[in-house]
Amino acid sequence: MLGRDSAIEIHTRGELQAVRAAGRVLASAIAVARSAVAPGATTADIDAAFAAAIAAAGATSNFLNYGGAPDGSGAFPATICASANDEVVHGIPSSARVLREGDLLSIDAGCILDGWHADSAISLHVGDAPSMDEVDLIAATEAAMWAGIAAAATARRVGDISWAIETSVVRSGRDDGRRYGMVAGYGGHGIGSAMHMDPFVANTGRRGKGPRLAAGMALAIEPMLTLGRPQVDESDDGWTVVTRDGSRAAHTEHSIAICEDGICVLTAADGGVAGLASYGIVPVDLD
Ligand code: MG
Ligand code: MG
């Protein structure tokens, strides 16, 4: 069913448990993808490892063949997005893209289990990070994601989450002695019976603005930050989003559920226990 004053899908407890099951499969498959990241591996290798992991769990890909024209042309050709260095999101895995020590790789992936969608992303370095700037970049992106997730525990409107993400980025920048680029135009979304649903969850915003939140909603929260300016462009391949100034970017994402009795991080193996601990939030156990 849909929410009272919006087109946001409202799920029963049983449905949220089903999305959680998809999220657990995704968490495991992303862990497999992470462990396949090494100097000399190609981004196609990472895609293959992920694809095998979800298939083994009985899930299918919601990335493969996403978008494109009615005849299928232009659709996304892989089960993960692999975005390296100045690529922000939507990078296409390739057997020609060999990962090198020091590359910054963002892996965005999803799966469908029993008709329910999950969506999550990680950023990591291939081998050691080339600089503390880049360690900070990933940490600031993860912190912004968790700030947004934590805000969802008490948020009344979508803007409360957006504000929490933005505020975290500004705080991290101040702590780290720089100003992170906050990529606009891309962001989080509702999720459930499809991958991309209402509402759009912007990574900047104002408290008290936007659609009302209610128990039964599932949202993907996904900040993306750059070490330079926030402007991005779409590449000639029709998918890959790159920073205009060539600076490196990071992107992390979890899908979460808003329940009557709290929140659950659907795509975290532990349901969000570790990530929410510093906020004093104990997530709902939907397993
Ligand atoms: Mg994603
Ligand atoms: Mg997403």
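S106 has its place in strand β3, where a strand is a DSSP run of E of at least two residues and a helix a run of H or I of at least four, both numbered from the N terminus. The model is a predicted one, in which local features need pLDDT of at least 70 and side-chain atom pairs count only at pLDDT 80 or more, while totals for chains, interfaces and linings use all residues. Residues are numbered from 1 along each chain as its sequence is written, chains are lettered from A and ligands numbered from 1 in the order in which they are written, and side-chain values use heavy atoms, with hydrogens and water left out.

S106 is buried, with a relative accessible area of 2%. Buried here stands for under 20% relative accessible area, exposed for over 50%, and partly exposed for what lies in between, with a 1.4 Å probe and protein chains only. The side chain of S106 makes a polar contact of 2.6 Å with the side chain of S123. A polar contact is a pair of N or O atoms within 3.5 Å; within protein, one must be able to donate a hydrogen and the other to accept it, and residues adjacent in sequence count only if both atoms are side-chain atoms. Apart from neighbours within four places in sequence, the residues in contact with S106 include C81, A82, S83, I122 and H251, contact being heavy atoms within 4.5 Å.

Ten bridges join β3 and β4 in the antiparallel sense, and L113 stands opposite W116 in β4.

The 21 residues of α3 reach 30 Å from the first C-alpha to the last, close to the 30 Å expected at 1.5 Å a residue; the expected span is 1.5 Å times one less than the number of residues. Of the 21 residues of α3, 15 are buried, so this helix is largely enclosed by the rest of the structure.

Helix α1 (residues 13-36) has 24 residues, which should span 34 Å at 1.5 Å a residue; its end C-alpha atoms are 35 Å apart, which agrees. Among the buried residues of α1 are L16, V19, R20, L26 and I30. The partners against which the buried residues of α1 pack are α2, β3, β4, β8 (218-221), β13 (254-259) and β14 (262-265).

Donors are N, O and S atoms within 2.8 Å of the metal (3.2 Å for Na, K and Ca); water is not among the atoms, so sites may look incomplete. D108 lies in strand β3 (residues 104-113) and D119 in strand β4, so the pair ties together parts that are eleven residues apart in sequence. Both D108 and D119 are buried.

The magnesium ion (ligand 2) has D119 (OD), H189 (NE2), E222 (OE) and E253 (OE) as its protein donors, lying 2.1 Å from it. D119 bridges this ion and the magnesium ion (ligand 1), and the two ions lie 3.2 Å apart. D119 is in strand β4 (residues 116-125) and H189 in strand β6 (residues 188-190), so this pair ties together parts that are 70 residues apart in sequence. H189 is buried, with a relative accessible area of 5%.

How values were computed: Two strands pair if DSSP finds at least two bridges between them.
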